[in-house]
Amino acid sequence: MPTPLRIAILCHPTYGGSGVVASELALTLAEFGHEVHLFSHEVPPRLARSPGLVQMHRAQGVPYPLFHSTPHDLAITSAILDVHRATGLDVLHAHYALPHAVSAYLARSAALADKGRRAPKVVTTLHGTDITLVGNDPSYAPLTHFVIGASDAVTTVSEWLAKETCARFSPGVAPCGVEVITNFVDTEWFSPAARGKPSACVSAEFPTAVHVSNFRPVKRVPWLVRAFAEATRDRRANLLLVGDGPDQLACRDIARELGISERVLFLGERDALPELLAPADVFALSSSSESFGLSALEAMSCGTPVVATDVGGVREVVTGLLSALDDRETFAANLALLLFDPLRARSMGSAARSHAVENFAREKIVRRYEEMYRRVLAKGD
Ligand code: GMT
């Protein structure tokens, strides 16, 4: 039995994306017998819903009149150092380049100066907008570039993101030492069996499309509401919008303007995702950029077919109907096809489920992270 590792995971406490991946990774590594510590400024919702043995360090820092806002990234760095000095940490795994790879780098630098304990290794997982939007902004790009190059290992969640990273940040990552470890899904939790516990939100009378996101402009939810109106012009169906964020009010206005308010239901942030995804007829993803599309994978794992825009790494994940970024007509036609042809939807849904189980099962992918940690540790200091 190989020695268990002491692993720190740093992440944003978000409902979606990197916060989910980091929390599920932490829980699975703990299940594998490792000592896992999660550092964030709040408990991530995916961790909160689980009884798993992950030690949570909620590091918020203290407000001080000189600070414009409280620097929780410094509090996270400090909390990591504290745990490392008390018990020793082998790996600091940062999710999302900013600010976590910086916090991990800083903690490793401070630990290197300590005598008597080996400093932890820094692994950075890039998720998408940390490379394509925020990390690439001129105000952060030099630092993003630096921390990618200074990490002991860098992973991306799709081939597409690996290429984007190398194109934007080479030679920081030269000779393009980025390893692709895809996102994953708990195929037992996100399962077609969740159809057996139908949600009151999913109508038994009319077909249902579902979308889950943080309603940021990159998700183009207002565009989706328009596409849904076109797809259902002459037949009744409902659209469930799960999640919350900046474009939510605009979506309500558009639904009102198009006269479909009673068919577009805003559910807010929810934990009961399998119960909402599995009984739906189709999952819709309308993003302008998407490095992976974790919510689409969760829908596929539930046996729900996906209609999506063909952007970024989506085609590496999704087996459903893809259309070009601005081709709303085809997107709407694809939505209509799956909403109103239940046989087609079921057969695409079961193909999606098989694809998710074969390629993105949680245990198999998390073993790849575990192997990568051991490889990095074996390299020495
Ligand atoms: O969407 C983001 O801005 C951030 C990020 C997150 O933390 O939610 O989402 C990204 O990471 C997810 C998990 O790896 C991916 O599934 C999403 O595709 C990716 N978002 C984008 O690329 C827009």
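Reader: Start with the open space. How much space lies in the largest pocket?

Author: About 920 Å³. The model is predicted, so keep that in mind throughout.

Reader: Which residues are closest to its centre?

Author: Gly16, Gly17, Ser18, Asn214 and Arg216 are the closest to the centre of the largest pocket. The lining has 43 residues.

Reader: Which elements give two or more residues to that lining?

Author: Helix 1 (17–31), helix 2 (45–48), helix 5 (129–132) and helix 11 (294–301).

Reader: And which gives the most?

Author: Helix 1, with 4 residues.

Reader: How does the pocket lining divide into nonpolar, polar and charged?

Author: There are 19 polar residues, 15 nonpolar and 9 charged.

Reader: Now cavities. How many are there of 30 Å³ or more?

Author: The structure holds 1 of that size. The largest cavity has a volume of about 50 Å³.

Reader: What lines the largest cavity?

Author: Val20, Glu24, Arg46, Phe184, Val185, Asp186, Trp189, Phe190, Leu294, Glu298 and Arg362. Helix 1 and helix 11 each supply at least two residues of that lining.

Reader: What's the split by class there?

Author: The cavity lining has 6 nonpolar and 5 charged residues, and no polar ones.

Reader: Stay with helix 11. Where is Ser301, and is it buried or exposed?

Author: Ser301 is found in helix 11. It is buried, at 0% relative accessibility.

Reader: What does Ser301 touch, leaving out residues up to four places away in sequence?

Author: Val185, Asp186, Thr187, Phe190, Ser191, Pro192, Arg353 and Ala356. Val185, Asp186 and Phe190 are also among the residues that line the largest cavity.

Reader: Helix packing next. At what angle do helix 13 and helix 14 cross?

Author: Roughly 100°. Their axes come within 5 Å. Helix 13 covers residues 328–340 and helix 14 covers residues 342–359.

Reader: Why call them roughly perpendicular?

Author: Because angles of 65 to 115 degrees count as roughly perpendicular. Helix 13 and helix 14 therefore qualify.

Reader: Which residues meet there?

Author: Leu337, Leu338 and Phe340 from helix 13 meet Pro342, Arg344, Ala345 and Met348 from helix 14. By class, that contact has 6 nonpolar residues, 1 charged and no polar.

Reader: Switch to helix 8. How many of its residues are buried?

Author: 9 of the 11 residues of helix 8 (residues 221–231) are buried, so helix 8 is largely enclosed by the rest of the structure.

Reader: Which ones?

Author: Val221, Pro222, Trp223, Leu224, Val225, Ala227, Phe228, Ala229 and Ala231.

Reader: Where is Arg220, and is it buried or exposed?

Author: Arg220 sits in the loop between strand 8 (208–212) and helix 8. It is buried, with a relative accessible area of 12%.

Reader: What about phi at Tyr96?

Author: Tyr96 has a positive phi of about 80°, and it is not a glycine. Tyr96 is in the loop between strand 4 (91–95) and helix 4. At 15% relative accessibility, Tyr96 counts as buried because the cut-off is under 20%.

Reader: Which residues does the cis peptide bond join?

Author: Leu98 and Pro99, with omega about -5°. Pro99 lies in helix 4 (residues 97–113). Most peptide bonds are trans.

Reader: Last area. Where is Gly243?

Author: In the loop between strand 9 (238–242) and helix 9. Gly243 is buried, with a relative accessible area of 8%.

Reader: What does Gly243 touch, beyond four places away in sequence?

Author: Ser213, Phe215, Gly268 and Glu269.

Reader: How far is the C-alpha atom of Gly243 from that of Arg367?

Author: They are separated by 30 Å, and the residues are 124 apart along the chain.

Reader: And Gln248, what does that touch?

Author: Gln248 touches Phe215 and Phe266, not counting residues up to four places away in sequence. Phe215 is also one of the residues Gly243 touches. Gln248 is in helix 9 (residues 248–257). It is buried, with a relative accessible area of 14%.

Note on methods:
Residues are numbered from 1 along each chain as its sequence is written. This is a predicted model: local features need pLDDT of at least 70, side-chain atom pairs count only at pLDDT 80 or more; totals for chains, interfaces and linings use all residues. Side-chain values use heavy atoms; hydrogens and water are left out. On a 1 Å grid over the protein atoms alone, a cavity is a set of points where a 1.4 Å probe fits but cannot get out, and a pocket is an open set with protein on both sides within 12 Å along at least five of seven lines; lining residues have an atom within 4 Å of a point. Grid points are joined across faces, edges and corners, and a volume is the space filled by probe spheres set on the points. Ala, Val, Leu, Ile, Met, Phe, Trp, Tyr, Cys and Pro count as nonpolar, Asp, Glu, Lys and Arg as charged, and the others, Gly among them, as polar. Axes are lines fitted to C-alpha atoms, for helices over the stretch in contact, and angles run from 0 to 180 degrees between N-to-C directions. Angles under 35 degrees count as roughly parallel, over 145 as roughly antiparallel, 65 to 115 as roughly perpendicular and the rest as oblique. Contact means heavy atoms within 4.5 Å. Buried means under 20% relative accessible area, exposed over 50%, partly exposed in between (1.4 Å probe, protein chains only).
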